[in-house]
Amino acid sequence: MGQACLDTLQMLGYSAVFIFILGLPLGIILFLSSRSKLTVMKWMYGVLSFVVNILRSLPFIILIVAMIPLTRSIMGVSYGVEGTIPPLVIGAAPFFARLVETALREVDRGVIEAAHAMGASTFQVIRKVLLPEALPGLIAGMTITVVTLVSYTAMAGMVGGGGLGDLAIRYGYQRYEKEVMIVSVLIIIVMVQLLQMLGDRLVTHFTRK
């Protein structure tokens, strides 16, 4: 049970880092291209939006199976903790990118225009205006994403992904050990509650600030 918890936390930790690294820039690009009046940028937004929507619409259990060849070529294995991270990242990064785009849309347009009027470059507006102003929304979006990852890691147990989901399926379901199933579910529930509470506290802190 302890190893299963550790495996789940490793999957969450590594995946969350890569999701943030990929999803944040993608969300910023989606936001900027959607507001641009240039035809090329609008075309790019249409393509990126289409790809993001496709990846978001794929059921995660199907995505894991479909990515087995790619996962094996990247990680060397297609099962366990290492074999679960690529599907987790590909499955959740587009979801987080949409949340980033939504959070940036909530920033007051007047603040952005004022920054441009003072001669700030696009990069400076992103770094000094957009991201600081949207920080509570970004934290909330990341919290939602990580909570979603918990359920994804549980589903990964169906294909030998490791962690609490794998433990619940192999022992709790296949071997009819109900106690293992119940304990695994309770740990997952507690994990989700703690992650949500942490995220809510951070959002409240930075909103007041």
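Visitor: How many aromatic pairs does a search of the whole structure find?
Guide: The model is a predicted one. A pair of aromatic rings is described by the distance of the centres and the angle of the planes. Rings are paired if their centres lie within 6.5 Å. Searching the whole structure on that basis gives a count of two.

Visitor: Is the pair of Phe20 and Phe96 stacked, tilted or edge-to-face?
Guide: The ring centres of Phe20 and Phe96 are 6.2 Å apart, with 35° between the planes. Stacked pairs have planes under 30 degrees apart and edge-to-face pairs over 60, the rest being tilted. The pair of Phe20 and Phe96 is therefore tilted.

Visitor: Which helices does this pair link?
Guide: Phe20 and Phe96 are 76 residues apart, and their pair links distant parts of the chain. Phe20 is in helix H1 and Phe96 in helix H5, so the helices linked are H1 and H5.

Visitor: Why does the pair of Phe60 and Tyr152 count as stacked?
Guide: Planes under 30 degrees apart count as stacked. The centres of the Phe60 and Tyr152 rings are 4.4 Å apart; the pair is stacked because its planes lie at 5°.

Visitor: Which residues make the nonpolar surface patch of about 600 Å²?
Guide: Val17, in helix H1, is one of its members. A patch residue must have over 30% relative accessible area, and Val17 has 47%. The patch is made by Tyr14, Val17, Phe18, Phe20, Ile21 and Leu22.

Visitor: How far is the backbone oxygen of Val150 from a polar atom of the side chain of Thr153?
Guide: Thr153 belongs to helix H8 and is buried, at 3% relative accessibility. Among the residues that Thr153 touches are Met11 and Leu88. The distance from the Val150 backbone oxygen to the side-chain polar atom of Thr153 is 2.6 Å.

Visitor: Is Thr84 buried or exposed?
Guide: Thr84 is found in helix H5, and its contacts beyond four places in sequence are with Met11, Ala156 and Gly161. The relative accessible area of Thr84 is 4%, so Thr84 is buried.

How values were computed:
Residues are numbered from 1 along each chain as its sequence is written. This is a predicted model: local features need pLDDT of at least 70, side-chain atom pairs count only at pLDDT 80 or more; totals for chains, interfaces and linings use all residues. Side-chain values use heavy atoms; hydrogens and water are left out. Helices (H or I, at least four residues) and strands (E, at least two) are DSSP runs, numbered from the N terminus. Buried means under 20% relative accessible area, exposed over 50%, partly exposed in between (1.4 Å probe, protein chains only). Contact means heavy atoms within 4.5 Å. Patches are made of residues with over 30% relative accessible area and no salt bridge: like charges are joined within 9 Å, nonpolar side chains (Val, Leu, Ile, Met, Phe, Trp, Tyr) within 5 Å. Accessible areas come from the Shrake-Rupley method with a 1.4 Å probe; for residues, only the protein chains shown count as cover. A salt bridge is a side-chain nitrogen of Lys or Arg within 4 Å of a carboxyl oxygen of Asp or Glu. Rings of Phe, Tyr and Trp (its six-membered ring) pair if their centres lie within 6.5 Å; planes under 30 degrees apart count as stacked, over 60 as edge-to-face and the rest as tilted. A polar contact is a pair of N or O atoms within 3.5 Å; within protein, one must be able to donate a hydrogen and the other to accept it, and residues adjacent in sequence count only if both atoms are side-chain atoms.
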